[in-house]
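Let's take a look at how a protein chain is put together. Here it is, and after that we'll go through a few of its parts.

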Amino acid sequence: MNYAGNYVGRNAESKLYGFSIRCIKNTPQSITFNSLDSITYATSTVQLTATASSGLPVTYSSSNTTIASVSGSTITINGVGSVDITAVQPGNLSFPAATPVTRKLIINKAPVTITADNKSKTYGADNPTLTVTYSGLRSGETESVIDTPPQITTSAISTSNAGTYAIIPSGAA
């Protein structure tokens with residue numbers, strides 16, 4: 001609720017003077033910030049949509065910028081893990097600061113596909129080195145981010161007859 005008043009008077013020299021008084025009662029405000037859905041690391045950004053009941057702008061911060069950083073209302077995903085995103089509205093002359101609201105954002109590992117590379121060999125020769133190709137890694141990542149590398153096996157041996165033998169990657173995590 002706002003109060004206003006005016007006063008006009010004369011000073012000792014009979015000069016008119018006046019002033020206005022305005023009292024403002026701060027109106028409480030709150031922040032609406034819905035829960036954040038879990039996402040995969042393959043997601044690059046997330047838009048935030050918290051609002052303040054006052055209509056004033058809301059700002060955001062991240063508890064761990066190595067996992068997720070915030071610029072304006074956009075989160076940039078930088079890694080895997082759990083991070084707290086906090087919405088804040090500091091208030092102004094008409095509205096006191098709102099109580100900050102924190103939401104947890106969980107960034108899960110992105111799925112990675114591991115495909116065995118085709119190989120060939122001559123009868124009687126040892127098997128070639130078995131290798132795999134990774135797809136689904138984020139830009140700049142290598143297979144070093146795989147916690148447990150795959151074991152690569154085949155049933156072919158040096159004396160196997162000509163034919164097709166499966167090369168099987170397994171056990172990666």
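## A pair of strands

Start with Thr86: its bridge partner is Thr102, in strand 11. Strand 10 (residues 81-88) and strand 11 (residues 101-108) run antiparallel, joined by seven bridges. Strands here are DSSP runs of E with at least two residues, numbered from the N terminus, and two of them pair if DSSP finds at least two bridges between them.

A quick word on the model: it is predicted, so local features need pLDDT of at least 70 and side-chain atom pairs count only at pLDDT 80 or more, while totals for chains, interfaces and linings use all residues. Residues are numbered from 1 along each chain as its sequence is written, and side-chain values use heavy atoms, leaving out hydrogens and water.

Four strands make an open sheet in the order 4-11-10-7, with mixed pairing. Strand 4 (39-40) and strand 7 (59-62) are at the edges with a single partner strand each, so one side of each has no neighbour in the sheet.

## The core

The largest nonpolar core has 23 residues, and Phe33, Tyr60 and Ile107 are among those with the most contacts inside it. Such a core is a set of buried Ala, Val, Leu, Ile, Met, Phe, Trp, Tyr and Cys residues joined through side-chain atoms within 4.5 Å, where buried means under 20% relative accessible area (1.4 Å probe, protein chains only). Strand 9 (74-77), strand 10 and strand 11 each supply at least two residues of this core.

Leaving aside neighbours within four places in sequence, Ile107 is in contact (heavy atoms within 4.5 Å) with residues including Ile39, Ile77 and Val83.

Note on methods: Buried means under 20% relative accessible area, exposed over 50%, partly exposed in between (1.4 Å probe, protein chains only).
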